[in-house]
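Hi everyone, thanks for coming. Please have a look at the model on the screen, and then I'll walk you through it.

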Amino acid sequence: MKRSEFAALRASRFWETTPLAEMSASQWEAVCDGCGLCCLVKLECEETGAVDYTRVICPWSDPQTARCTDYPNRHVNVPECVPLTLARIAQFDWLPPTCAYRLLYEGKPLPPWHPLISGRPESVHEAGIGVRNYAPIPLTTEIDLEDFIIQLRGATAD
Ligand code: SF4
Ligand code: SF4
């Protein structure tokens, strides 16, 4: 997204008046805070369904930028990488508590470090929220995921 388009979206404060279901594609895109946490590998308990995050990250993620290195082909590269759509958000209780889609879906405001509020993409990392703050390591076959479980920070950090 071009900087000018993001600035115009930010100025409109669309997320305060436009439900997720009615957002345009560019509005939907701007809601993502770029934290990269959804690209961390997760462990799900078979009995309880509880999800633990690890600091092991998808090998297609760039841990410095927290961006996918092959976004157009992500579903081919990683079949379990499913697109985040409104229809699926309700089932995505594994999303981080700070995920902006989850916050808006739950009727909560965006936090101060969200780029739509701060005006700066770096603020999500400076606030300790972004994936860089967890010293991510890329997924390999040798890794025992249980050794890398982390506790994610909450949505109220500022
Ligand atoms: S966790 Fe949510 S806000 Fe963060 S990168 Fe993923 S989709 Fe975007
Ligand atoms: S394929 Fe890309 S978007 Fe999907 S989990 Fe990996 S890094 Fe994230």
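**Core, hairpin and ligands**

Let's start inside: the largest nonpolar core holds 25 residues, and Cys35, Cys39, Leu40, Ile57, Ala100 and Val131 make the most contacts within it. By such a core I mean buried Ala, Val, Leu, Ile, Met, Phe, Trp, Tyr and Cys residues joined through C-beta atoms within 7 Å. Buried stands for 20 or more other C-beta atoms within 10 Å of a residue's own, exposed for 12 or fewer, and partly exposed for anything in between, with C-beta atoms placed from the backbone. Two or more residues each come from helix H2 (25-31), E2 and helix H5 (100-105). H5 gives the largest share, 3 residues. Helices (H or I, at least four residues) and strands (E, at least two) are DSSP runs, numbered from the N terminus.

A word on what you are seeing: this is a predicted model, where local features need pLDDT of at least 70, side-chain atom pairs count only at pLDDT 80 or more, and totals for chains, interfaces and linings use all residues. Residues are numbered from 1 along each chain as its sequence is written, while chains are lettered from A and ligands numbered from 1 in the order in which they are written. The mean pLDDT, the predictor's confidence in each residue from 0 to 100, is 90 for the protein, and 97% of its residues reach 70 or more. Confidence is lowest in helix H4 (residues 86-89), with a mean of 81, and highest in helix H6 (residues 115-118), at 98.

Now the strands. E1 (residues 40-44) and E2 (residues 51-57) run antiparallel, joined by 4 bridges; pairing takes at least two DSSP bridges. Lys42 has Tyr53 in E2 as its bridge partner. The two strands form a hairpin with 6 residues between them, and Gly49 in the turn has a positive phi of about 80 degrees.

On to the ligands. Which residues surround ligand 2? They are Cys39, Cys58, Trp60, Ser61, Cys68, Arg74, Asn77, Val78 and Cys81, each with its C-beta atom, placed from the backbone, within 6 Å. Ligand 1 is surrounded by 13 residues, the closest being Cys32, Asp33, Cys35, Cys38 and Cys99.

Finally, helix H1 (residues 3-12), where Ala7 sits. Of its 10 residues the number buried is 0, so H1 lies largely in the open. Ala7 is exposed because 11 other C-beta atoms lie within 10 Å. The C-alpha atoms of Ala7 and Gly119 are 7.8 Å apart, though 112 residues separate them along the chain. Just after H1, Arg13 takes a positive phi of about 50 degrees.
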